[in-house]
Amino acid sequence: MNKQTKQLAEQAGFVLDELPDSVLQPLETFADLLQAANTREVIALCANTINNNLNEQKQKTKRRWDIIEAIVIILLLIVWGAWWYIRLHT
């Protein structure tokens, strides 16, 4: 059990020095497992947040390219229509 866990336990009113080893050892193991689980949970949450941000960025970039592509197609259709109009009327 690390210092921070011991301090938190003592602040909560537990007197760890008075506990026998048969009780203290499983508590220490449990505290270590709980801390490791919390660490994994925080890491997983950070990874999910990073992935979500990257996906949002990719979607924004894709939307921009889709808009640019639509504008280019519209401009090409206008130019093509103007070319045909000029060709037919000259």
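**Figure 1. Exposure of W80 in the predicted model.** W80 is exposed, at a relative accessible area of 52% (buried means under 20%, exposed over 50% and partly exposed in between, with a 1.4 Å probe and protein chains only). W80 and W84 are both part of helix α2 (residues 21-88), four residues apart, about one turn of the helix; helices are DSSP runs of H or I with at least four residues, strands are runs of E with at least two, and numbering starts at the N terminus. Residues are numbered from 1 along each chain as its sequence is written. The model is predicted, so local features need pLDDT of at least 70 and side-chain atom pairs count only at pLDDT 80 or more, whereas totals for chains, interfaces and linings use all residues; side-chain values use heavy atoms, without hydrogens and water.

Figure 2. The structure holds two aromatic pairs (rings of Phe, Tyr and Trp, the latter by its six-membered ring, pair if their centres lie within 6.5 Å; planes under 30 degrees apart count as stacked, over 60 as edge-to-face and the rest as tilted). In the edge-to-face pair of W80 and W84, the centres are 6.3 Å apart, with 80° between the planes. W84 itself is partly exposed, with a relative accessible area of 33%. The ring centres of W83 and W84 are 5.1 Å apart and their planes stand at 75°, so this pair is edge-to-face. W83 is partly exposed at 44% relative accessibility. Ring pairs join W80, W83 and W84 into a cluster.

**Figure 3. R87 and the ring of W84.** The charged end of R87 sits over the W84 ring, 5.5 Å from the ring centre (the criterion is NZ of Lys or CZ of Arg within 6 Å of the ring centre and within 35 degrees of the ring normal).

**Figure 4. D21 and L76 along the chain.** D21 belongs to helix α2 and is exposed, with a relative accessible area of 62%. The C-alpha atoms of D21 and L76 are separated by 81 Å, the two residues being 55 apart along the chain.

**Figure 5. The setting of the close-up views.** The protein chain has two helices and zero strands. Its radius of gyration is 32 Å, well over the 12 Å that the globule rule gives for 90 residues, so the chain is more spread out than a compact globule (the radius is taken over C-alpha atoms, and the rule is 2.2 Å times the number of residues to the power 0.38). The C-alpha atoms fill a box of roughly 105 × 20 × 15 Å along the principal axes. Of the 90 residues in the protein chain, 7% are buried.
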